[in-house]
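Visitor: I would like to learn how to read the contacts in a protein-DNA model. Please show me the model and take the features one at a time.

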Protein chains: 2
Amino acid sequence: MRRKSLSGAACPIARTLDVIGDWWSLLIVRDALRGMRRFSEFEKSLGVSKNILTRRLHALVRQGILETAPAADGSAYREYRLTAKGRSLFQVLVALGQWGHENAAAPAGSRMIMVDREHRRPVRKLEVRASDGRLLGPGETMMVRIGELAGASNTNQG
Amino acid sequence: MRRKSLSGAACPIARTLDVIGDWWSLLIVRDALRGMRRFSEFEKSLGVSKNILTRRLHALVRQGILETAPAADGSAYREYRLTAKGRSLFQVLVALGQWGHENAAAPAGSRMIMVDREHRRPVRKLEVRASDGRLLGPGETMMVRIGELAGASNTNQG
DNA sequence: TCATCTAGTTCCATAATAGAACCTGTGGGA
DNA sequence: TCCCACAGGTTCTATTATGGAACTAGATGA
């Protein structure tokens with residue numbers, strides 16, 4: 001059976017999962033954000049088999065999250081670079097990392113954490129805030145169809 | 001071949017994906033955050049077949065993201081409720097929703113957006129900030145092993 | 001020149017997904 | 001009380017996706 005497509009869903013969460021909701025895509029983006037660009041780098045970092053890596057990379061290119069370009073080292077090979085669309089998955093990765101840090105046990109001694117590069121201090125926990133700055137919990141939000149928004153057409157986010 | 005396990009990974013992003021990195025889990029959590037609790041509610045909302053829904057729900061219970069309890073309507077059935085661990089996936093869902101809103105096209109007229117329930121205004125875009133409050137982009141962060149943290153043992157997040 | 005590296009492709013066994021049919025206990029109405 | 005629809009599954013089968021290994025073609029480099 002064909003995997004169910006969510007690309008036409010009204011919910012933006014479902015549409016996102018349709019694009020990057022598989023085993024490897026987000027890990028590839030994570031590595032790409034760390035600076036990896038070459039097929040062999042991803043292969044080594046992820047420990048994924050080549051056929052799957054090939055398919056994932058091509059899918060990410062098709063979706064505009066990665067793009068290929070001549071390798072920066074001047075060789076005849078090509079490399080994979082994040083597009084702006086790919087880089088904007090940053091917040092998703094931070095959220096996943098923070099949740100994993102707090103909720104998924106890691107082998108002792110090898111736990112990693114995201115820090116700001118300059119001061120090497122942990123990044124702040126992500127906060128969901130209303131447009132007026134109020135901190136929001138899960139129960140204080142809801143999804144509405146665009147057009148049912150209140151007052152001024154503040155097209156902030158989604 | 002057994003699906004590759006990431007549960008022992010040092011990277012918290014990988015560990016999170018090991019837990020909820022599949023097609024349906026996050027959509028179930030999304031619906032649960034909206035208040036859904038019953039098997040049939042999830043089934044109707046997601047359009048997923050029963051055998052898969054059963055497996056996903058049981059897996060989420062096993063992982064402590066959902067828990068079962070006697071149904072709130074007093075019937076003999078049971079319902080699935082989010083645990084604190086499950087509710088803390090809120091930031092992940094907001095990040096996914098914001099990315100989808102900005103980067104994944106939706107069928108015209110049916111786009112949805114997350115708002116704060118009180119004022120019906122879009123939630124602010126998530127911001128990644130350093131412990132001193134500086135706004136951070138993808139290039140200004142890195143992952144380090146815990147123990148290589150600078151100075152004071154500020155155990156903020158991950 | 002020749003071995004090695006890069007970036008794949010192909011082949012196969014196994015696991016996951018989707019859909020449908022079937023099953024068991026509940027709840028509610030006549 | 002009887003009966004039927006509903007809730008919440010389980011079982012079966014077809015189709016995909018995944019993982020591992022083997023194989024390949026072009027590029028590099030000693």
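Visitor: How far does a polar side-chain atom of Asn51(A) lie from a base oxygen of DNA strand D?

Guide: A polar contact is a pair of N or O atoms within 3.5 Å; within protein, one atom must be able to donate a hydrogen and the other to accept it, and residues adjacent in sequence count only if both atoms are side-chain atoms. Here a polar side-chain atom of Asn51(A) is 2.5 Å from a base oxygen of DNA strand D. This is a predicted model, in which local features need pLDDT of at least 70 and side-chain atom pairs count only at pLDDT 80 or more, while totals for chains, interfaces and linings use all residues; side-chain values use heavy atoms, with hydrogens and water left out. Residues are numbered from 1 along each chain as its sequence is written, and chains are lettered from A and ligands numbered from 1 in the order in which they are written.

Visitor: How many residues surround DNA strand D?

Guide: A residue is near a strand if one of its heavy atoms lies within 4 Å of it. DNA strand D has 24 residues around it, and Asn51(A), Ile52(A), Ala76(A), Arg38(B) and Tyr80(B) are the closest. Of the DNA atoms within 4 Å of the protein, 57% belong to sugar or phosphate and the rest to bases.

Visitor: Which element gives the largest share of that surface?

Guide: Helices (H or I, at least four residues) and strands (E, at least two) are DSSP runs, numbered from the N terminus. Helix 4 of chain A gives the largest share of the surface near DNA strand D, four residues.

Visitor: How much area do chain A and chain B bury between them?

Guide: The size of an interface is often given as the accessible area lost when the parts come together. Buried area is the accessible area (1.4 Å probe) that two parts lose on being put together, summed over both. For chain A and chain B it is about 9600 Å², with 63% on carbon and sulfur atoms. In contact terms (heavy atoms within 4.5 Å), 95 residues of chain A touch 93 residues of chain B.

Visitor: How many salt bridges cross the interface of chain A and chain B?

Guide: Side chains of opposite charge can pair when their charged atoms come close. The rule asks for a side-chain nitrogen of Lys or Arg within 4 Å of a carboxyl oxygen of Asp or Glu. It finds four across the interface of chain A and chain B. Among them, Glu118(A) pairs with Arg134(B) at 3.2 Å, N to O. Asp116(B) also forms a salt bridge with Arg134(A), with the closest N and O atoms 3.3 Å apart. That pair runs from strand 3 (residues 112-116) of chain B to the loop between strand 4 and strand 5 of chain A.

Visitor: In what order do the three strands of the open sheet lie?

Guide: Strands of a sheet pair through backbone hydrogen bonds, either parallel or antiparallel. Two strands count as paired if DSSP finds at least two bridges between them. The order is 5(A)-3(B)-4(B), with antiparallel pairing. Strand 5 of chain A and strand 4 (121-122) of chain B stand at the edges, each with a single partner strand, so one side of each has no neighbour in the sheet. Five bridges join strand 5 of chain A to strand 3 of chain B, and Val144(A) stands opposite Ile113(B).
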